[in-house]
Amino acid sequence: MGYAMAARLAKGGCDLAVWNRTKSKAEPLKEYGAKIVNQLEELSTKDILFCMVSTYDDVKEVIGKALADPKSKPKMVVECSSISLEGSAELREFLQKKNIEYLAAPVSGNAKVIKAGKLTFVVSGPKTAYERARPYLDMMGQGSSYVGEGELARIVKICHNVFLGVLTQSLAEITVLAEKAGVPRHAFLDFLNKSVMGSTFSRYKTPAFVNLDFSVTFTPHLLRKDMDLGLDAGREFEVPMPLAALTRDLIQQMIGHGMTDKDFSTLLVMQAKGSGLELKPENKEVGDGLSS
């Protein structure tokens, strides 16, 4: 995913330096004019440092090493990972002490979404910093939403991913119900996607549900992490979240059955198993709503 974001910046003519733990994954970006660096410290010479990794521990490691050189530092850090409010606030305090502006800017979308130009950012932090970073955010997708100061973007992203989990489980339930009653999955989802209940997401997941191609876009472990963040936020702000709690347990059940190396949309398979239904690929050409 980070590759796809960097590629759009490079193709847009940005003076771009890139670091990845696996250097070979970044090498193709040279074709678009990006400089591939060997050490994180080399990124500190740029005005804006973008970071996207899996966990807050990864964020701390990457940012810490990138800012290790006392002789240079970026003017701004834009952090795009899905991390907790507490972690984001801790990072903001760390950067403030170094006089580096900080934007929390998690995203909605994956590499395929980015390629289609439909990535979106939700951003919080100083409004002036946002306005300076906005042109680069726009290069990577279809725009950004500024939601205010501090860590508000983090709670928005957490809410978004909780909805992702609940929505996928709901979609799995109704799809299995329709199929067990005799309706092919492709036919049911074709109707749903044309109805007022259809969405960018339901169309995007239709190929996986119809043909059972569960190539990873987001792992069950990462979704469980975000469900836990959402439930933690619910307790903090005293908001009951019964659907989120139940969905989190269903994701845990899926993980317990060893379904961890495929996409989280394998919730469909778990729902089918619980319904006494053996799913088979329908091998139908169906659109995902992204491809032109």
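Residues are numbered from 1 along each chain as its sequence is written, and side-chain values use heavy atoms, with hydrogens and water left out. Because the model is predicted, local features require pLDDT of at least 70 and side-chain atom pairs count only at pLDDT 80 or more, whereas totals for chains, interfaces and linings use all residues.

Secondary-structure elements are DSSP runs numbered from the N terminus, with helices (H or I) of at least four residues and strands (E) of at least two. Strands are taken as paired if DSSP finds at least two bridges between them. Strand S3 (residues 48–51) and strand S4 (residues 76–79) run parallel and are joined by 4 bridges. Within this pairing, Cys51 stands opposite Glu79 in S4. Together with helix H3 (residues 56–66), S3 and S4 make a right-handed β-α-β unit; a crossover is right-handed if, with the strands pointing away from the viewer, the path from the first strand over the helix to the second runs clockwise.

In a regular strand the side chains alternate between the two faces of the sheet. Accessibility classes refer to relative accessible area, with buried under 20%, exposed over 50% and partly exposed in between (1.4 Å probe, protein chains only).

Strand S7 (residues 120–124) is mostly covered, 4 of its 5 residues being buried. S7 pairs with S6 in the antiparallel sense over 2 bridges, and with strand S8 (residues 144–148) in the parallel sense over 4 bridges. From S7 the chain passes through helix H6 (residues 127–139) to S8 in a right-handed β-α-β crossover. Val107 belongs to strand S6 (residues 107–108) and counts as buried because its relative accessibility is 5%. The C-alpha atoms of Val107 and Met5 are separated by 11 Å, although the two residues are 102 apart along the chain.

On the S8 side, Val123 stands opposite Tyr146. Tyr146 has a relative accessible area of 25% and is therefore partly exposed. Contacts are defined by heavy atoms within 4.5 Å. Leaving aside residues up to four places away in sequence, Tyr146 touches Val123, Ser124, Gly125, Pro126, Lys127 and Tyr130. The C-alpha atoms of Tyr146 and Glu236, 90 residues apart along the chain, are separated by 23 Å.

Helix packing was described with axes fitted as lines to C-alpha atoms over the stretch in contact, the angles running from 0 to 180 degrees between N-to-C directions. The axes of helix H8 (residues 185–194) and helix H9 (residues 200–211) come within 10 Å and cross at roughly 175°. H8 is therefore roughly antiparallel to H9, a class assigned to angles over 145 degrees. In this contact, Arg185, His186, Leu189, Leu192 and Asn193 of H8 meet Ser202, Arg203, Thr206, Phe209 and Val210 of H9. The contact comprises 4 nonpolar, 4 polar and 2 charged residues, where Ala, Val, Leu, Ile, Met, Phe, Trp, Tyr, Cys and Pro count as nonpolar, Asp, Glu, Lys and Arg as charged, and the others, Gly among them, as polar.

H7 and H11 pack at an angle of about 70°, with their axes 9 Å apart. This arrangement makes H7 roughly perpendicular to H11, the corresponding range being 65 to 115 degrees. Val162, Gly165, Val166 and Gln169 in H7 meet Leu243, Ala244, Thr247 and Leu250 in H11. By class, the contact of H7 with H11 has 5 nonpolar, 3 polar and no charged residues.

Thr175 also lies in helix H7 (residues 152–180). With a relative accessibility of 1%, Thr175 counts as buried. Beyond residues up to four places away in sequence, Thr175 touches Arg185, Phe188, Leu189, Phe209 and Leu268.

Positive phi values occur in loop residues other than glycine. Asn99, in the loop between helix H4 (85–97) and strand S5 (101–104), has a positive phi of about 60°. Asn99 is exposed, with a relative accessible area of 65%. Glu238 lies in the loop between helix H10 (220–236) and helix H11 (242–256), and its phi is near 55°. Glu238 is exposed, its relative accessible area being 71%.

Definitions and conventions: Angles under 35 degrees count as roughly parallel, over 145 as roughly antiparallel, 65 to 115 as roughly perpendicular and the rest as oblique.
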